[in-house]
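Me: I would like to learn how to read a fold from its elements down to single residues. Could you take me through this chain step by step?

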Amino acid sequence: MKASEIREILGATMFNDCGEDLEVESGCGCDLMSDVLAFNHNECVLLTGAVNPQAIRTCEVVDTHVVVFVRGKQPSEEINRLADCADIQLMGTNYSMFEAVGRLYAAGLRGEEIENDF
């Protein structure tokens, strides 16, 4: 799925422009960045309500280049600058995390398979 499709599905606002329509293969909805670090998220979109530098730094570590802030949250200029430097595309939606993830899932985007040894 392309980032532009995610924007359309979520009625999202773009906060910066990385100049290309990035391809996304999976999705992750999470506010706890330690959970994001626990899984490989290459070519993943992160949906989060955590609008802070740690979210951007975490995306750099896991090589995630598309972030959607949920619940109408908007990044500060500092967050936009960090994202621009890391080529991370930022957008925001007024939907809750639950609603945003559900809409993307209904449109065909899936999460990563997680193997647990419980």
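Reply: Let us begin with what counts as an element: helices are DSSP runs of at least four residues and strands are runs of at least two, both numbered from the N terminus. In this predicted model, the chain holds five helices and five strands, and from the N terminus on they follow the order α-β-β-α-β-α-β-α-β-α. The radius of gyration is 13 Å, close to the 13 Å that the globule rule gives for 118 residues, so the chain is as compact as a globular protein of that length.

Me: What does the C-alpha trace span along its principal axes, and what share of the residues is buried?

Reply: The trace spans about 45 × 25 × 25 Å, and buried residues make up 41% of the 118 in the chain. The chain exposes about 6,600 Å², of which carbon and sulfur atoms supply 46%.

Me: How far apart are the mean positions of the positive and negative charges?

Reply: The chain carries 8 positive and 21 negative charges, and their mean positions are 8 Å apart.

Me: In what order do the strands lie in the sheet, and which of them stand at the edges?

Reply: The five strands form an open sheet with mixed pairing, in the order S1-S5-S4-S3-S2. Strand S1 (13–14) and strand S2 (26–29) stand at the edges with a single partner strand each, so one side of each has no neighbour in the sheet.

Me: In which sense does S5 pair with S4, and in which sense with S1?

Reply: Strand S4 (residues 66–69) and strand S5 (residues 89–92) pair in the parallel sense over four bridges; among the facing residues, Val66 has Gln89 as its bridge partner in S5, and Val67 stands opposite Leu90. S1 and S5, by contrast, pair in the antiparallel sense over two bridges, and here Met14 stands opposite Met91 of S5.

Me: How should I read the two faces of a strand, and which residues of S5 lie on each side?

Reply: The general idea is that in a regular strand the side chains alternate between the two faces of the sheet. In S5, Gln89 and Met91 lie on one side and Leu90 and Gly92 on the other, and both faces are covered, with all four of these residues buried. Buried here means under 20% relative accessible area.

Me: Where is Ala107, and which residues does it contact beyond its sequence neighbours?

Reply: Ala107 is in the segment after helix H5 (97–106), where it is partly exposed at 41% relative accessible area. Leaving aside neighbours within four places in sequence, Ala107 is in contact with Met1 and Ile9. Ala107 and Ile6 are 101 residues apart in sequence, while their C-alpha atoms are 9.1 Å apart in space.

Notes. Residues numbered from 1 in each chain as written. Predicted model: local features only at pLDDT ≥ 70, side-chain atom pairs only at ≥ 80, totals over all residues. Heavy atoms only, no water. Rg over C-alpha atoms; globule rule 2.2 N^0.38 Å. Buried < 20%, exposed > 50% of the residue type's maximum accessible area, 1.4 Å probe, protein only. Areas by Shrake-Rupley, 256 points an atom, 1.4 Å probe, with all protein chains shown as cover. Lys, Arg positive; Asp, Glu negative; His and termini not counted. Charge placed at Lys NZ, Arg CZ, Asp CG, Glu CD. Pairing = 2+ DSSP bridges. Contact = heavy atoms within 4.5 Å.
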